[in-house]
Amino acid sequence: MLEESIAALDRDPVAAVRSALASRIKARCADAAARITRESIQFHGAIGFTDEFDAGLYLKRALVLTAWLGAASWHRRRYARLTHAGGST
């Protein structure tokens, strides 16, 4: 996904296309981070929530970063709006 978007950024200098790609990447990365950290907590059990184990720290950090600059659902709506308004990406 990231490689495809970087290649598209090189091909298309239009700001709307770049904005759409940024939203697409942000939504996918936010979803992946949330899923990976939650599965890590599930895998490690209760120790994942303790301060002595880094999985809890990673989950907290992923939650902050997924909300930073807009949540995944907001970026999905933005991507849909930009691709329908300015053509397909």
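My notes on the helices follow.

I first reminded myself that this is a predicted model, where local features need pLDDT of at least 70, side-chain atom pairs count only at pLDDT 80 or more, and totals for chains, interfaces and linings use all residues. Residues are numbered from 1 along each chain as its sequence is written, and side-chain values use heavy atoms, with hydrogens and water left out.

I began with helix 3, residues 54–67.

Next I asked which residues of helix 3 are buried. I found Ala 55, Gly 56, Leu 59, Ala 62 and Thr 66. (Buried is under 20% relative accessible area, exposed over 50%, partly exposed in between, with a 1.4 Å probe and protein chains only.) Seen down the axis, they fall within an arc of 120 degrees, so they line one face of helix 3. (The arc uses directions from the helix axis to the C-beta atoms.) Leu 57 and Lys 60 are exposed on the other side.

I then picked out Thr 66, which counts as buried because its relative accessibility is 15%. Leaving aside neighbours within four places in sequence, Thr 66 is in contact (heavy atoms within 4.5 Å) with Lys 26, Ala 30, Ala 33, Ala 71 and Ala 72.

Last, I noted that Leu 69, which follows helix 3, has a positive phi, near 65 degrees.

Terms used. Helices (H or I, at least four residues) and strands (E, at least two) are DSSP runs, numbered from the N terminus. The expected span of a helix is 1.5 Å times one less than its number of residues.
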